[in-house]
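Subject: A structure for you to explore

Hello,

Here is the structure I promised to pass on to you. Have a look around it first, and then read on for what I found.

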Amino acid sequence: MHAAVGLLAAHRRGFWLDELLDPDSLLAAAVTWKDGRPWVEWNTVGELIDRGLPQSSGELAVLAVAASIGGDYRVNLRQAMRAMSDRDTRALVATLSEGW
């Protein structure tokens, strides 16, 4: 879970974390609250990706990889990494190195 959240935190200064916590965002459905803290339901994130989100393919690749790390979402890593920017690819490698 830490690696998945770390990847989202590294992407565009927490873009996806902001989206998850924004009550007006489509991704808000993937967050539950436990003891006053947000908890990401990664399988719900995957379902929302599959339904379609309006972000770019690079942004969605970051979210999909995070959902695959945190939950059971299946992602083609080669395709995802091709869609990711160099910065996001470096963040992925760093996050996995630190988070696992």
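In which helix is the place of G46? G46 sits in helix α3, and I will come back to it once the overall picture is clear.

A word on the background: this is a predicted model, in which local features need pLDDT of at least 70 and side-chain atom pairs count only at pLDDT 80 or more, while totals for chains, interfaces and linings use all residues. Residues are numbered from 1 along each chain as its sequence is written, and side-chain values use heavy atoms, with hydrogens and water left out.

**The whole chain**

The protein chain has six helices and two strands. Both kinds of element are DSSP runs numbered from the N terminus: helices are H or I with at least four residues, and strands are E with at least two. The C-alpha trace spans about 35 × 30 × 25 Å along its principal axes.

Of the 100 residues, 41% count as buried. Here buried means under 20% relative accessible area, exposed means over 50%, and partly exposed lies in between (1.4 Å probe, protein chains only). Among contacts with a separation of 6 or more, 48% come from residues 24 or more positions apart; a contact means heavy atoms within 4.5 Å.

**Helix α4 and its partner**

Helix α4 covers residues 57–70, which makes 14 residues. From its first C-alpha to its last it reaches 20 Å, close to the 20 Å expected at 1.5 Å a residue; the expected span is 1.5 Å times one less than the number of residues. How many of the 14 residues of α4 are buried? Twelve of them are, so to speak, under cover, including E59, L60, V62 and I69.

Helix α3 (residues 42–51) crosses α4 at roughly 145°, and their axes come within 8 Å. The axes are lines fitted to C-alpha atoms, for helices over the stretch in contact, and angles run from 0 to 180 degrees between N-to-C directions. This crossing is left-handed, a word used if the near helix is turned anticlockwise from the far one by less than a right angle (clockwise would be right-handed).

Which residues of α3 and α4 meet? On the α3 side they are W42, V45, G46 and I49, and on the α4 side L63, A64, A66, A67 and G70. By class, this contact has seven nonpolar, two polar and no charged residues. Ala, Val, Leu, Ile, Met, Phe, Trp, Tyr, Cys and Pro count as nonpolar, Asp, Glu, Lys and Arg as charged, and the others, Gly among them, as polar.

Now back to G46: it is buried, with a relative accessible area of 2%. Leaving out residues up to four places away in sequence, G46 touches A67 and Y73. G46 and L27 are 19 residues apart in sequence, and their C-alpha atoms are 10 Å apart in space.

**The loop between α1 and α2**

H11 is found in the loop between α1 (2–10) and α2 (15–21). Is H11 buried or exposed? Its relative accessibility is 3%, so H11 counts as buried. Setting aside neighbours within four places in sequence, H11 is in contact with W16, E59, V62 and D88.

R12 is in this loop between α1 and α2 too, and it is partly exposed at 48% relative accessible area. R13, also in the loop between α1 and α2, is exposed at 83%. Neither is a glycine, yet R12 has a positive phi of about 45° and R13 has one of about 55°.

R82 lies in helix α5 (residues 77–83). R82 is exposed, with a relative accessible area of 65%.

Enjoy exploring!
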